[in-house]
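Please open the model in a viewer and keep the selection panel at hand.

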Amino acid sequence: MSTRRKNILITGGNFTNQGAYLMLCAAAEQIRSRWDAQPVIAMQTGSERAKRWVGLDSLLEFPKLRISVWGGNPDRLRGLRHRMPFVVGAEIDAVFDVSGFVFSDEWAHLDLRRRADDLIRWSGRGVPVVLLPQAFGPFQHVTEPVSDLLDACELVYARDPDSANFLKGIARSATAFEKIAVATDFTTVLRSEEPRGSAHLRGMVPIVANWNIAKRAAGHGGSEDAYVRNLEEVVRVVRSHGHEVYGLCHEGGGDAELLRALAGRCGGLQVVEGLDGRQSKWLLGQAPFVVSGRFHALVSALSQGVPGLVHGWSHKYRWLSEEYGVSNLVLDPYEDPGTVEATVGARLREIEAVRKSVIELATVKKAETEQMWSDIEKRIEL
């Protein structure tokens, strides 16, 4: 029996989008605690300093050159392991994908054929692949690569019933159909981390913008300017109800630019940038409520019992709101600014009424996440 260290590769995570970062950290924690294994990420993803901070090793591969280093019999590498600052393919024992929301017509431009083939290749070498909870679909233009992926995976978790139904609609066999389950977002149990110099933000309301909402405005009956004007009016109304407000950047340049534009329209609006997902989660947990167009910012708030006004552009937001009993708090991000005061004002009067149920549901969702990981642990025995 081999005594070498076990390694689990995490795909789909990154250090730029803080939702992807939260999922990366959450998966890494469970890999260490449940399998006593080393979490690994692609060499080209993030800096070595960032990887060390999360405790990740690098997989030796060069995807742009289509080079993946397999390495032969991994037991032969034991004598060299302490000298190798990377992991080769033969040392990977399982693959957990945390793409979040990629396999869908919404992202057909991202070459989903290649993404699916990368995961299918692992399965073809006998390495079990698990798609951790994420949103899927709809599928009209990218059906074939996702159907192929369903055939290859060991387990597939959809974050909501719509996503599960989209997947089941393209499953080619009963075996593929039965792999599909519904599970809540798995970052619920991830610990937050208090950022330095943030004490003055306690009790303030964070506005979390999303450049995707602006980018996709035309296809959803709105415009980029309408979204910014909507946010401006939301800030005014929230302030008029006695709350201090700040902008919280949950991704990168696109979100930051939106928030800076908003700050230019709203005097005295501080924009907080440069935090990682754990730190942002801590801030969101200190708020009376949040206003967010970012899915994982909402998860971070709701899973800590903090209600949120939801600016959503896909089915995943609607289902997340239903999970936590805040469906009435979903807003149209392109709503006419002239009606925002009445709409948001009415929702603010409902927030206190749902706070207790959100806290209770947060406990339930964390328990569901622990159960999901236990089920995966039973299925993926290293």
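Select strand 10 (residues 205-208) and strand 11: the two run parallel and are joined by 3 bridges. Strands here are DSSP runs of E with at least two residues, helices are runs of H or I with at least four, and both are numbered from the N terminus; two strands pair if DSSP finds at least two bridges between them. The model is a predicted one, in which local features need pLDDT of at least 70 and side-chain atom pairs count only at pLDDT 80 or more, while totals for chains, interfaces and linings use all residues. Residues are numbered from 1 along each chain as its sequence is written, and side-chain values use heavy atoms, with hydrogens and water left out.

Within this pairing, proline 206 has tyrosine 246 of strand 11 as its bridge partner. Buried means under 20% relative accessible area, exposed over 50%, and partly exposed in between, with a 1.4 Å probe and protein chains only.

Next, display the open sheet of 7 strands, whose order is 3-2-1-6-7-8-9 with parallel pairing. Strand 3 (57-59) and strand 9 (180-182) are the edges; each has a single partner strand, so one side of each is left without a neighbour in the sheet. On average, neighbouring strands of this sheet are turned by 30 degrees against each other, direction ignored. Strand 7 (residues 129-134) and strand 8 (residues 155-158) run parallel and are joined by 3 bridges, with valine 130 opposite leucine 155.

Helix 1 (residues 18-35) lies across strand 1 (7-11), strand 2 (38-42), strand 6 (92-97) and strand 7, and runs at about 165 degrees to strand 1. Axes are lines fitted to C-alpha atoms, for helices over the stretch in contact, and angles run from 0 to 180 degrees between N-to-C directions; contact means heavy atoms within 4.5 Å.

Turn to the aromatic side chains. How many aromatic pairs does a search of the whole structure find? It finds 7. The rings of phenylalanine 15 and tyrosine 21 have centres 5.9 Å apart and planes at 50 degrees, so this pair is tilted. Rings of Phe, Tyr and Trp (its six-membered ring) pair if their centres lie within 6.5 Å; planes under 30 degrees apart count as stacked, over 60 as edge-to-face and the rest as tilted. Both phenylalanine 15 and tyrosine 21 are buried. In contrast, phenylalanine 103 and phenylalanine 136 form a stacked pair, with ring centres 6.5 Å apart and planes at 20 degrees. Ring pairs also link Trp35, Phe96, Phe186 and Trp373 into a cluster.

Finally, select helix 12 (residues 315-323), where 7 of the 9 residues are buried, so the helix is largely enclosed by the rest of the structure. Its buried residues pack against helix 5 (161-168), helix 11 (295-302), strand 14 (308-311), strand 15 (330-331) and helix 13 (337-379). Glycine 325, whose phi is positive, near 65 degrees, follows helix 12.
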